[in-house]
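Biologist: I would like to learn how to read a protein model. Please take the features one at a time.

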Amino acid sequence: SFCTPDDDTSTDEGGSDQAAQSATEDETNEAPDRAAQHNIVIMSRDGVRARLKDPESAEFRNVGYYSGGPEGAAVCGEVNAKNSFGGFADFERFVAMGPETGFLESEVATSEFATVWDTLCVKAETDEVQIP
């Protein structure tokens, strides 16, 4: 899955076991377990934060792991953060595929974003991680 990290940089105990489990799951096309989904969501949120003017002010809502689309897994949700003037703008949608691949709705044409959202942000029965 393009959403799974390529290397095991986890500091959690058993990180190597998680990497091996992820590799096994990728080979069999099974959905990652809840812990792996959660890690993907956290890494994706970090990637979204990196795109913001004030990453420390980021507020997330309706964030989830979605693997029901034909292109593979994605993390979709909404983020709000302080702008250049120090005020909060408004929540906007994002789609991310790990810590280095993702974009905000304001960064692309509305119709293109809508197509990507409708294609990638599709919940499968095995998708467990949803963050309010």
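Biologist: What percentage of the contacts in the protein with a separation of 6 or more is between residues 24 or more positions apart?

Modeller: Contact means heavy atoms within 4.5 Å. Here, residues 24 or more positions apart account for 51% of the contacts with a separation of 6 or more. This is a predicted model, in which local features need pLDDT of at least 70, side-chain atom pairs count only at pLDDT 80 or more, and totals for chains, interfaces and linings use all residues. Residues are numbered from 1 along each chain as its sequence is written, and side-chain values use heavy atoms, with hydrogens and water left out.

Biologist: How many helices and strands does the protein have?

Modeller: Helices (H or I, at least four residues) and strands (E, at least two) are DSSP runs, numbered from the N terminus. The protein has three helices and five strands, in the sequence pattern α-α-β-β-β-β-α-β.

Biologist: Which residues touch the most other members of the largest nonpolar core?

Modeller: In soluble globular proteins, nonpolar side chains tend to be buried together. Buried means under 20% relative accessible area, exposed over 50%, and partly exposed in between (1.4 Å probe, protein chains only). A nonpolar core is a set of buried Ala, Val, Leu, Ile, Met, Phe, Trp, Tyr and Cys residues joined through side-chain atoms within 4.5 Å. In the largest core, which has 17 residues, V48, F60, V79 and F94 touch the most other members. Two or more residues come from each of helix 2 (34-50), strand 1 (59-66), strand 2 and strand 3 (92-96). Helix 2 gives the most, with four residues. A second, separate core of ten residues includes C76, M97, F103 and W117.

Biologist: Is G77 buried or exposed?

Modeller: G77, in strand 2, is buried, with a relative accessible area of 0%. Leaving aside neighbours within four places in sequence, G77 has contacts that include R61, E92, F94 and W117. The C-alpha atoms of G77 and E92 are separated by 8.2 Å, although these residues are 15 apart along the chain.

Biologist: Which residues does a disulfide join?

Modeller: A disulfide is a pair of cysteine sulfur atoms within 2.5 Å. By this rule there is one disulfide, joining C76 to C121 with an S to S distance of 1.9 Å. C76 lies in strand 2 (residues 74-80) and C121 in the loop between helix 3 (110-120) and strand 5 (130-131), so the pair ties together parts 45 residues apart in sequence. Both C76 and C121 are buried.
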